[in-house]
Structure formats: C-alpha cells, structure tokens
Amino acid sequence: MTDTISAAGPAAVLGQAMAFQSAKLVLTGMELGLFEALAKEPGDEEELRNRLGLHSRGTGHFLAALAELGFLERGESGRYQNSDITRSCLVPGAEGYLGGFLRAADQVMYPAWGKLSESLRTGAPQAATYSGEDMFGELYDSEEKKDGLVGMAEDASRPLIPALVDGFDWAAHHSVLELGGCRGNVLAGLARAHPHLDPCVFDLPQLEPDFTAHMASIGMTGKVRFHGGDFFAGALPEADVLMIGHALIDWNDEQRRQLVRNAFAAVRPGGAFLVWDPVIVDGEDSYLRNLIRSLNLQLMTPHGTGYDLTQCAEWMREAGFTSVDHTSLGHDVTLVIARKE
C-alpha cells in the first residue's frame, strides 16, 4: 500500500482520503431501502424517487454512482436493477445478507470513526450506544441495541461456518460449548453437518429468549442447548471442545488471559479450545485490514484491540495447553486451535 500510494501521487492520496464518500453511498442505499425496493421491482429514476420519497436533486447522480461502483445495473431503458453482488449481500433474506452488519456500521461505527483523533489522544471508546464498562450487559438490556449487535455478529460469523465445519476434526469429539454464541447460528451449522455433536451456547441470560425463538425458526429446537452465564464469573461448563469467535478481540490482554485460563479448566483431557478472530499477521494480505479492525475495536469497545498470533499462542501455553496450531478461515479470520492433553 505504501509503495502504491507513493508511486501514484496526489490522485491516490485524494482517493484514499475521500474514500468515505463511496462508503456512504452504499450505506445510504441500505438506509433508504433502495436495494430491497429494487429486489421487488426494477425502476427508473422517477419511479424510485416516488417509491422511496426522494428529491429530484441528486437522486439521478446517486443511482448512477452506485451503478458505476457495481452495486446497480442500468438497462437501455434507464431502469435500474440490483447487480449480482447486491442481490447476494444487500437484499434481506439472501443467504449472504450483510445488512445487520452494515446498519451497525452506518449508525454506530461511522459516527465513531469521526472521533478517531479523540480516541487516539485518550484511549477511550467513542461509540454512542453505551456508557461505562459493562458494554454487553447494557446493550442486551435494550431490545433495539441487542438486535443490532446480534445481527452484526451473525453477519460476521455466517460466512465462516463452512470453513469451521471442515477445519477441525469434529468426529473425534462429542460435546462443544461456544462462548458468546448469541442465538446459536454457528453451532446450528455445526450440528447440521455433524449430527453426533452435543452443542451448547454459553452467553448472557438476556439472550436466551432470542436463542429459543431463533432455534425454533430454523428447525433446530432441542438440537442446540443454551446455558446462561458470564464467562468471566465462575467456572465454565465442561465440554470436549470450547470455542469463541469474534470475541477475544473485545477484551484487554489480562481479561484474555483469564478467559483462556477459564477455558482450559473447562476443556476435558484430549479436547481443544478454538478461537477465531481477525488476527493481525504481518505479511499477510489481511494485515492492513486487521490493523484497521483493531482501531475499530478501540472506538467501539471499552477494552478491545487486535492481537497477533504470537500473543495468542503465549496465552494458550501459559494456561496449560500443550500445542497451538492455526489455519485461515478466509475473510481475514484466523482459527487458532489449542489442545489439552
């Protein structure tokens, strides 16, 4: 990236510095319901203005810009429709739908990033959705905030499920406990692929009604269990495999060490502890993106930051795990596998 910017000159500098404009085009399309409206019926500029309640000033250029970015397609008659990538990622009900994550990005992350300089001066988070140290407890006490957080978490984990299904020797184990498993989407995917597993979500008690309703909606009632609790308070339920995804990054190093120690105590001999996160790996294509994700955690959480593989392996070995391996799950996420003798 450094060499590319230096070689390209001022135009590249301006393009990078003004990239927020293109980002806001996509986020605004989500906010306005544009992609959902086009999924129901294509339309020209005038039709879309009428359907979405938009002004004539700017709407034409807004639609044309989204088409130029590849999110819309415009036919010879001037009627717009969603592109293939939009249909697969930005329309509710699509298998790869990212709307939950992108709404949180627009409503919470985007304003917080406007205060990055303040966070760098103070180390304090800038998200306006909570106050104090108990971020998850506060967010889960509000139905609206809870739904937003759960939607974002599920959008982030959904693309990883196929790789998790195939990336570990599940046949050698029976029980699996997911820490911070929300409504059980990941475990439901594992249970479908490996029916011999006894899967259980461990998360704050406020999520149990959402878990129960979601399992019923996807036909997995009784196939995945829920255990309410706080993984920093008291002993964890025992299982052959414990796992935690997109969550170790939410805490500081001492909290991570405590969580790993708690997990080690709960993993049965011969079992494993699985962690998947956007781990910072120098030299990988994901390096810059995961550095940026680390800054996003600083803006969004009381304590969270990114971490690298060496740090993670050190926490595992300190806790007593005898071997630590890792593999890529794709999507800039690394799976770390720590085994217990």
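Student: At 33% relative accessibility, does Arg 293 count as buried, partly exposed or exposed?
Tutor: The model is a predicted one. Buried means under 20% relative accessible area and exposed means over 50%, with partly exposed in between. Arg 293 has a relative accessibility of 33%, so this residue counts as partly exposed.

Student: How many salt bridges does a search of the whole structure find?
Tutor: Side chains of opposite charge can pair when their charged atoms come close. The cut-off for a salt bridge is a nitrogen to oxygen distance within 4 Å. Over the whole structure, the number of salt bridges found is 17.

Student: How far apart are the closest N and O atoms of Asp 210 and Lys 146?
Tutor: Asp 210 is in helix α14 and Lys 146 is in helix α11, 64 residues apart in a pair that links distant parts of the chain. Both residues are buried. They form a salt bridge in which the closest N and O atoms are apart by 2.7 Å.

Student: Which residue is linked with Lys 146 and Asp 210 in a network of salt bridges?
Tutor: Lys 146 and Asp 210 form a salt bridge with each other. The network holds these two and one further residue, Glu 143.

Student: Are Arg 261 and Glu 254 buried, partly exposed or exposed?
Tutor: The side chains of Arg 261 and Glu 254 meet in a salt bridge, 3.4 Å from N to O. Arg 261 has a relative accessibility of 41%, so it counts as partly exposed. Glu 254 has a relative accessible area of 46%, so it too is partly exposed.

Student: What is the area of the nonpolar surface patch made by Leu 14, Met 18, Phe 20 and Tyr 110?
Tutor: Leu 14, one of the four, is in helix α2. With a relative accessible area of 57%, Leu 14 is exposed. The patch made by these residues has an area of about 370 Å².

Student: Which element gives the largest share of the lining of the second largest pocket?
Tutor: This pocket holds about 320 Å³ of space. Its lining has 16 residues, and those nearest its centre are Glu 154, Arg 158, Arg 183, Asn 185 and His 214. The elements that give two or more residues are α11 and α13. The largest share, 4 residues, comes from α13.

Student: How many residues of that pocket's lining are charged?
Tutor: The lining of the second largest pocket includes 5 nonpolar and 6 polar residues. The charged residues number 5.

Student: Which element gives the most to the lining of the largest cavity?
Tutor: The structure holds 1 cavity of 30 Å³ or more. Its lining includes Met 30, Phe 35, Tyr 97 and Arg 103, and α3 and α4 are the elements that give two or more residues. With 3 residues, the element that gives the most is α4.

Student: What is the volume of the largest cavity?
Tutor: By class, the lining has 6 nonpolar, 2 polar and 2 charged residues. The cavity that they line has a volume of about 50 Å³.

How values were computed: Residues numbered from 1 in each chain as written. Predicted model: local features only at pLDDT ≥ 70, side-chain atom pairs only at ≥ 80, totals over all residues. Heavy atoms only, no water. Patch = residues over 30% accessible without salt bridge, like charges linked within 9 Å, V, L, I, M, F, W, Y side chains within 5 Å. Areas by Shrake-Rupley, 256 points an atom, 1.4 Å probe, with all protein chains shown as cover. Buried < 20%, exposed > 50% of the residue type's maximum accessible area, 1.4 Å probe, protein only. 1 Å grid on protein atoms, 1.4 Å probe; cavity = no way out; pocket = protein on both sides within 12 Å on 5 of 7 lines; lining within 4 Å. Points joined across faces, edges and corners; volume = space filled by probe spheres on them. Nonpolar A, V, L, I, M, F, W, Y, C, P; charged D, E, K, R; others polar.
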